[in-house]
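Colleague: I would like to learn how to read a few features of a model. Please take them one at a time.

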Amino acid sequence: MEFSTSPVISCEDGVSEINSTTGMDDIIKWWDSLSVLLKSCFTTTRVDLEVPKQDSESIIMWTVSSTADILASGDGKCRDQVMRYVADDLLGLQILLQNMEEGNNIGTKKRESISKVLRELVNPKHGKLRATIINQGIELNYLPKSIKILKDLLRHSSNCKIPEEMEIVESTIVNFLWFLSAIATNDSSFARHVRDMLKVKFFHSEVYKKIFFAKSASHYPLLKILRQLSKNDDTASILGKEGVMTTIRKSFSLVGTTPGGKLLIIMDILSQLTKKKTNSTRFQKAGLLVKVMQVFSNWELWRGQGLLRLSKFLISTYNHVARTPSGRKAIIKCDAILQIRKFCDACPSERSFDEVLMRISGLVATCYHKDILPLDKVESPIVFQVPDAVMKVQDCGSSSDDEGSDDGDEDDDKSDDNGSDDDVASSDDSGDKDKNNDNQSSDDDMEPLKVRSKLKLSTRRSSTGDHQQSLPSNMQRQSISSQDSKLDSYKKFFTEFEVTKNGLFHRKVTETKSTPMAMSLASLVDENLNETSKPKGIPRSEHKYSWITDNKDCEYVYWTSITELRRQYSIVANSINHVAPFVKIPYPDFAFAYSQKSVENMLPTTDRALLRSKIISYISRTVGGESFKPKVIYSLDSLLTNTEENSSAKQKPLRNRDEKEIGNYNKRLGLEFESRFESGNLRKAIQVGERDYDLLITSDVNSRHHNQWFYFQVSNTVNDKMYTFNIINCTKTNSLFNYGMQPLYYSVTDATKGKAGWQRSGHSICYYKNGYKCATSKKRNCSKVYHTLSFSLSFAHKGDIVYIAYHLPYPYTRLMVELNAMLKASESRDDIIVKYDTLCQSLNKNEVPLLTITSQLDERSVNTREIIFLTSRVHPGESNANWVMKGILEFLLFGKTSHVQALLKKYVFKIVPMLNVEGVINGCHRCGLTSEDLNRCWKMPSEILHPTIFHTKMLIEYCCKILNLTPALYCDLHGHSRRKNCFFYGCSFSKSWQNKDKLELDDSKCLLSLPESMDRISSAFCLSYCNYDVRKSRETTARVAVWRDYRIPRSYTLECSYCGFDRGQFKGIAFGTNHLLEIGKDLCKSCLEL
């Protein structure tokens, strides 16, 4: 036998050789070593086998044959020894492929033996060693070799005249196809490489057609290879042109309809191929729709995972075909929908089949033209014309709607900030998830912000009726790095560190501040609190619950008259700037509502039977037709285009008349809705049944997505009747509403009877995928769909006015009024410094407050006092963050324990209680007025587009660069929609995505001190949920940007669940205002242990 010393791998198709061919001495040495190993194996197993002692070729022939026998049927120990020897390095597999490539030079029998060895090497029973062999094959650039070997084998087969030799060659082909299919299945680049080598036609016409129909043993490997080719769009298109649909139709005749793995692979191939619209058409023309129905008609014979995979492949194929009018018509005409309905009625009860039912609902909606939301356009009807920032926003933008809080509560992957946990498994399968959240820093529909504004602030209406506002456009974007010269302007925010002319430190900063609350908000209130200008519509009832809690550490009664407070609320509410016109002040916020009960239990996890019944009911209703003619009850779009009503709304002062209007009932009307108030969010209400309503919530301003937060009013209620509300345009893939969370409910009638407060309510709550196609992306053929939140409510009072919310609201007006009350109450204290500043103006010219709280400073303490920065509510829908902040402020200002005194002597607190005031005012969930997630703008914020982020970051920069004080702590408060309990996200060098970060050592004591302290102090805190990963997609968040730019080791996000607790003292309890206030207090106490 002669061995080649020149490269053997063909380069004919432009694929260059990357591995030199092994020389003769190395090959002989390798075979000799393997023969010695085989001899020892045979000796161990006491097999009497004659070993040739002639030339090297005879030894190699014996070795190859023996290796194949041992791998196929030898005992486990010997088989593993041989596998390890071959898998030890690339040499073994390279020699085997090289010998296969030498063709007739090595003999037909020997070639067959080598093919058996190759097949056995990738046999699944070999586990990890098999994976090693497959990886080696990919590394060896196996494809050019394999194509050359297949060509040679096919040529040999066609020229072979002797039946025995023909049988050997065919066996060799089948064995080699098994080897090739195993590597191709694990090679993500297989289809692309085949395409680049122009060999798609070769695999389809020369290999598949000739072998599949001639040799049944080749079915599995050939189908696996075809499946890999069909997963690539380009190769799928080529296969379609080459007549693959006809080939598959013929394949059905060989495979039959009996349940088995071959059928599953064929169904998978069809689900992949039909992703291309042209292939969907070819699918219909080839008559495959009938064939597929024949396969599924025997679904009762399938079991377990086989049935699950079959149904998924089938529904995916139907969904692809239904994208064309002819496809939808064909599916309905051939009764495929009726077949699917029968499957739904008898669908197995396993949880995994719930996803199949959701996909079926989407198919049905598409076929019956009910897959588009009942909106003229998906974009928010509320439009704000942003100023010109000159440069396109960089590293900013909203995260996609499949994130997870902090840093992004809308991620679905199991990452640090995405918030997924064991409780909430996404309702989407892996195919619908984002594979890597690092690509979620910007939206698909984000476009460069364009110059559209005027020089003067004005309110106007567009030709389409959208409510719009414009701002000055002669503004330039400036980066943080270019602001060093402006740092001195932030000196006014740190006057507590300055020395007066007398050499003394300011004793009372509130007396010397330049823009005190008393000169802005309070003066506005005082000027209007006279007899001639009393606000009307102030609730009469006195609700002591609003300011009295069981917290003994704090004195919360920092106001004397609720009537005066409500008057202040009315004046401030009429003074803020908002984009869409408001028509009233919401009663719960006017009443400064808290949770009605101190303890409310979470609901059990949603009964899957309920979930299924909702989906099947929707499918039946869609196929069978609507028995109730839908009727639009409320439309924000129509109201915004009603010029007369908008003009009237602008002229009237905002007030609340709910107490006068309760009890009014019109039996000729159904429920009435309203959301045109601060933080309100409801876009459309459609009555679809006697007491069933489909609701659509408004996307964030200037956006087409982030549909999660809702807050609206319902009136004209009937008592003791069950109403069902379906919010049909939710964009998150799963929700805590499936795991015990309930909507918030506030009854005005109850409030007038002394039972005031928010309470969790709702029955038959479930969150599931519906059939409406998701329009949050401009990508073509986007397969995502919206989700429905369905819940039922019964009202206790006839003619009641009820407010329903996603979570406990905390609007901007309430913050400003309560801050004013707190500051006034703290003026009599000489032991602490309390300073109010206006950090900046928001985009729509609303005041952004900054608070400074500490004890009095002297010459000795000024050099030792550290600074803590606290921020909150960067995401407007995370109202629970403001409740925690309220607890912090009340504890620092009115706490009567030694903790407070020690805390204020140790730290200066710089607090921005609401970063995204515009989003809160206008009822957004995630963004502000620019459709950007402000927690993705911290790397390089724009002073014009992101003023609150820009100036907050500049405060920290001033502290570090001018005062030379690295803050002891930065903490950003958030809410979490995927996890329960309360926990931290932090930053660790060792868990960073950047390799250079891993070269630095973490100060574990410093990093973990606050989480461990919170774990000891707070019963609501869950230490095991804390995470310290630094992901690439989180580089522009507050937590990571502050940690990286200013080297603040204690940079955290504090997350509090929207739902409740699943462990510890409060297990099974829903979050209430008392819990959130307590967490704020506990966070302050924990800071003492830093």
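**Reading burial, helices and sheets**

Modeller: This is a predicted model.

Colleague: In which helix does Lys-250 lie?

Modeller: Lys-250 belongs to helix H13, residues 244–255. In sequence, Lys-250 and Phe-213 are 37 residues apart, while their C-alpha atoms are 8.9 Å apart in space.

Colleague: Next, a helix as a whole. Which residues of helix H15 are buried?

Modeller: In H15, residues 277–285, the buried ones are Asn-279, Ser-280 and Phe-283. Down the axis of H15 these buried residues fall within an arc of 105°, so they line one face of the helix.

Colleague: What covers the buried residues of H15?

Modeller: The cover includes H13, the helix that holds Lys-250. It also includes helix H12 (233–241), helix H14 (261–273), helix H16 (288–296) and helix H17 (304–321). Just after H15, Gly-287 has a positive phi of about 75°.

Colleague: Now a sheet. What is the order of strands in the open sheet of six?

Modeller: The order is E5-E7-E8-E10-E14-E13, and the pairing is mixed. Strands E5 (631–635) and E13 (763–773) stand at the edges with a single partner strand each, so one side of each has no neighbour in the sheet. From one strand to the next, the twist averages 25°.

Colleague: What packs on this sheet?

Modeller: Helix H24, residues 608–624, packs on it and touches E10, E13 and strand E14 (785–794). The direction of H24 makes about 40° with that of E13.

Colleague: In which sense do E8 and E10 pair, parallel or antiparallel?

Modeller: Strands E8 (residues 692–696) and E10 (residues 722–730) are parallel, with four bridges between them. Asp-692 stands opposite Thr-724 in E10.

Colleague: Last, a single strand. Which way do the residues of E11 point?

Modeller: In strand E11, residues 744–747, Leu-744 and Tyr-746 point one way, and Tyr-745 and Ser-747 the other way. All of them are buried.

Colleague: Which strands pair with E11?

Modeller: E11 pairs with strand E12 (residues 759–760) in the antiparallel sense over two bridges, and Leu-744 stands opposite Arg-760 there. Four bridges join E11 to strand E15 (residues 802–805), also antiparallel. Tyr-746 has Tyr-803 in E15 as its bridge partner.

Notes. Residues numbered from 1 in each chain as written. Predicted model: local features only at pLDDT ≥ 70, side-chain atom pairs only at ≥ 80, totals over all residues. Heavy atoms only, no water. Buried < 20%, exposed > 50% of the residue type's maximum accessible area, 1.4 Å probe, protein only. Pairing = 2+ DSSP bridges. Axes fitted to C-alpha atoms, helices over the stretch in contact; angles between N-to-C directions. Contact = heavy atoms within 4.5 Å. Arc of directions from axis to C-beta.
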